[in-house]
Amino acid sequence: MLEVENLFFQYPRGACVRAHFRAAAGAACALMGASGAGKSTILNLIAGLLTPARGDIRFHGRSLLADKPAARPLTYLLQSGNLFAHLTVRENLAIGLHPGMKLTSEQNRAVERALARVSLGGFAERKPPSLSGGQRQRVALARCLARDRPLLLLDEPFSALDQNLREEMLALIRELRRDQKLTLLLATHRAQDAEELGAEVVEV
Ligand code: ADP
Ligand code: MG
């Protein structure tokens, strides 16, 4: 269970963002609101990239606020995949597991499994600029999967994709949720995204 309790954050002399909601383990939850409503800020707070002024974030009853971002039980698919253009696909996954890309054999297997999972088994030695937008998005998702954390944060994962790729990505995320028992937290401005993922809606 993810509990976001009376969370409050203010940008210096700027916008205030508040959040209060729960998501059951294994559930999908959609943070829904217009552009500028605070969805990305809330995900950044949960991920530990921003620090709240007040409130708490607990996972399975334990507060995450003292944990550094990398130590939190989550992985985060950013709005713009954030792949390193000069690294291969395999290295882009490896860097998500170890900053120096020195992997154990088990981690190497996790990388291969994650690439296979998003149907990119044959692309490990390619670099992102040689991939399509949809493939790059799948690499970014595979990097999340290889990290094998129970909570997956997704920031507008479909917004840069055309209709076909959107369907493909939706189907993939639905499967992942079913197979890997992930708790999903999705930021979106489209009600349809929440509906198609069977997500419970939290208005932001
Ligand atoms: P959403 O993801 O729902 O579009 P954001 O969380 O990005 O919304 O933004 C929420 C509010 O915070 C907006 O008013 C936005 O302008 C403001 N904001 C976002 N990022 C920053 C920042 N780095 N500095 C100052 N204000 C910001
Ligand atoms: Mg946003």
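This is a predicted model: local features need pLDDT of at least 70, side-chain atom pairs count only at pLDDT 80 or more; totals for chains, interfaces and linings use all residues.
**Close-up views of the ligand site and the sheet**

View 1. Lys 39 approaches the ligand through its side chain, with a polar atom 2.8 Å from an oxygen atom of ligand 1. The side chain of Ser 40 likewise places an N or O atom 2.8 Å from an oxygen atom of ligand 1. Of the 560 Å² of accessible area that ligand 1 has on its own, the protein covers 57%.

**View 2. The shell of residues around ligand 1.** The residues around the ligand are Tyr 11, Ala 15, Ala 34, Ser 35, Gly 36, Ala 37, Gly 38, Lys 39, Ser 40 and Thr 41. By class, this shell has four nonpolar residues, five polar residues and one charged residue.

**View 3. The open sheet of four strands.** The strands are arranged in the order E2-E1-E4-E5, and their pairing is antiparallel. Strand E2 (16–23) and strand E5 (62–63) form the edges, each pairing on one side only. Strands of a sheet pair through backbone hydrogen bonds, either parallel or antiparallel.

**View 4. Strands E1 and E4, with helix H1 packed on the sheet.** Strand E1 (residues 2–10) and strand E4 (residues 54–59) run antiparallel and are joined by five bridges. Glu 3 has Arg 58 in E4 as its bridge partner. Helix H1 (residues 39–47) packs on the sheet and touches E1, E2 and E4. The direction of helix H1 makes about 65° with that of E2.

Key: Residues are numbered from 1 along each chain as its sequence is written. Chains are lettered from A and ligands numbered from 1 in the order in which they are written. Side-chain values use heavy atoms; hydrogens and water are left out. Two strands pair if DSSP finds at least two bridges between them. Helices (H or I, at least four residues) and strands (E, at least two) are DSSP runs, numbered from the N terminus. Contact means heavy atoms within 4.5 Å. Axes are lines fitted to C-alpha atoms, for helices over the stretch in contact, and angles run from 0 to 180 degrees between N-to-C directions. A residue is near a molecule or strand if one of its heavy atoms lies within 4 Å of it. A polar contact is a pair of N or O atoms within 3.5 Å; within protein, one must be able to donate a hydrogen and the other to accept it, and residues adjacent in sequence count only if both atoms are side-chain atoms. Accessible areas come from the Shrake-Rupley method with a 1.4 Å probe; for residues, only the protein chains shown count as cover. Ala, Val, Leu, Ile, Met, Phe, Trp, Tyr, Cys and Pro count as nonpolar, Asp, Glu, Lys and Arg as charged, and the others, Gly among them, as polar.
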